[in-house]
Amino acid sequence: MPGKFASDDIVTALKAAAEPTRLRILMLLMAGELSVKDLTVILGQSQPRISRHLKLLAEAGLVERFREGSWAYFHVSDRSAGGKLAMDILSLVDPDDRGMARDRERAEALKREREASAQSYFQAHAADWDRIRALHVAERDVEAAIADALGAGPFSLLVDLGTGTGRVLELLADRYDRGIGFDVNNAMLAYARSKLSGISLGRAQVRHGDLYALNLADGAADAVVMHQVLHFLSDPLQAIREAARVLAPGGRLLIVDFAPHDLEFLRDEYAHDRLGFPAGQVAAWMRDAGLSPQKQLDLAPTAAAGPEALTVSLWLAVRPPETNTKTIEKTARAARALEGAP
């Protein structure tokens with residue numbers, strides 16, 4: 001086992017993990033953050049029982065809890081001795097264990113269901129997505145901040161993940177030789193193609209693509225942008241790892257999303273999976289993906305914007321020149337393996 005641990009920490013961690021359901025919970029949380037509700041669906045157990053298991057795991061320092069509005073999410077701690085011990089314990093579990101495999105399958109089904117809900121929303125609102133974005137912080141201020149944070153370039157290849165209407169490709173058209181936008185929704189792609197064609201951006205194209213498994217070579221892009229994408233994803237970290245994989249050494253990743261908020265109606269009415277992100281959380285994900293965070297900026301709405309206006313945050317990270325692409329790819333593949341992905 002890497003590292004040394006106090007005997008009391010080892011005993012506490014082993015006691016907490018030494019129960020079938022709690023071990024199943026740890027395996028699921030190792031693959032990604034989940035809420036109590038998620039775990040009740042995946043494991044088929046009552047909320048009080050799941051909550052009790054999570055309480056014991058949290059008290060032992062094996063998992064951490066954080067709130068988003070009225071929901072609570074959990075993940076295996078990467079900061080405590082208990083969390084590190086949990087990772088060591090989980091590394092000994094046979095990945096082909098039938099029970100664990102069934103749990104992964106249910107987790108994947110839940111993930112697909114959530115993201116299908118988001119895609120249904122996109123399908124119904126493809127033509128007015130830019131207008132919906134404008135209901136939050138003034139889009140002109142966000143776009144100015146994007147242009148300033150990303151820098152003048154020029155970029156040989158700029159990639160826009162979750163391109164939607166293709167607005168980012170349009171906004172940054174003077175900064176790249178070639179731009180590619182990826183999205184999984186065909187209605188969005190049709191609209192983006194029409195929009196980009198209408199303004200003669202021959203250097204920009206959009207493609208159908210999975211943000212978790214991009215059809216791009218390692219280190220292909222000089223810049224990657226994720227504009228208002230993360231809050232729709234069930235696994236933001238995996239998407240950031242994949243973005244890091246396609247970044248060239250010295251390349252830039254710019255993430256634009258909401259700061260934490262408590263507008264619960266956005267989950268149901270706007271298909272938001274997450275209610276914003278703390279600045280430290282996104283920076284930690286960037287570091288996990290082998291990137292170096294450079295800048296974080298909050299754009300707060302004015303008082304005149306109304307009670308439902310949200311703060312927009314920007315995070316910029318750079319892939320260090322010495323970063324090994326294979327190391328990033330190995331990290332991403334390991335994460336997918338834990339989740340049972342091909």
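Two strands are taken as paired if DSSP finds at least two bridges between them. The close-up views below show a predicted model.

**View 1. Pairing of strand 1 with strand 3.** Strand 1 (residues 34–35) and strand 3 run antiparallel and are joined by 2 bridges. Within this pairing, S35 has Y73 of strand 3 as its bridge partner.

**View 2. The aromatic pair F277 and W285.** The model holds 1 aromatic pair. The ring centres of F277 and W285 lie 5.8 Å apart and the ring planes meet at 70°, so the arrangement is edge-to-face. The angle decides this assignment because planes over 60 degrees apart count as edge-to-face. Both partners are also classed by their accessibility, for which the cut-off for a buried residue is under 20% relative accessible area. F277 counts as buried because its relative accessibility is 1%. W285, with a relative accessible area of 5%, is likewise buried.

**View 3. The side-chain contact between R241 and D288.** R241 belongs to helix 11, which covers residues 236–246. The relative accessible area of R241 is 13%, so this residue is buried. The side chain of R241 is joined to that of D288 by a polar contact of 2.9 Å.

How values were computed:
Residues numbered from 1 in each chain as written. Predicted model: local features only at pLDDT ≥ 70, side-chain atom pairs only at ≥ 80, totals over all residues. Heavy atoms only, no water. Phe/Tyr/Trp six-rings, centres within 6.5 Å; stacked < 30°, edge-to-face > 60°. Buried < 20%, exposed > 50% of the residue type's maximum accessible area, 1.4 Å probe, protein only. Helix = DSSP H or I, 4+ residues; strand = E, 2+ residues; numbered from the N terminus. Polar contact = N/O pair within 3.5 Å; in protein donor to acceptor, adjacent residues only side chain to side chain.
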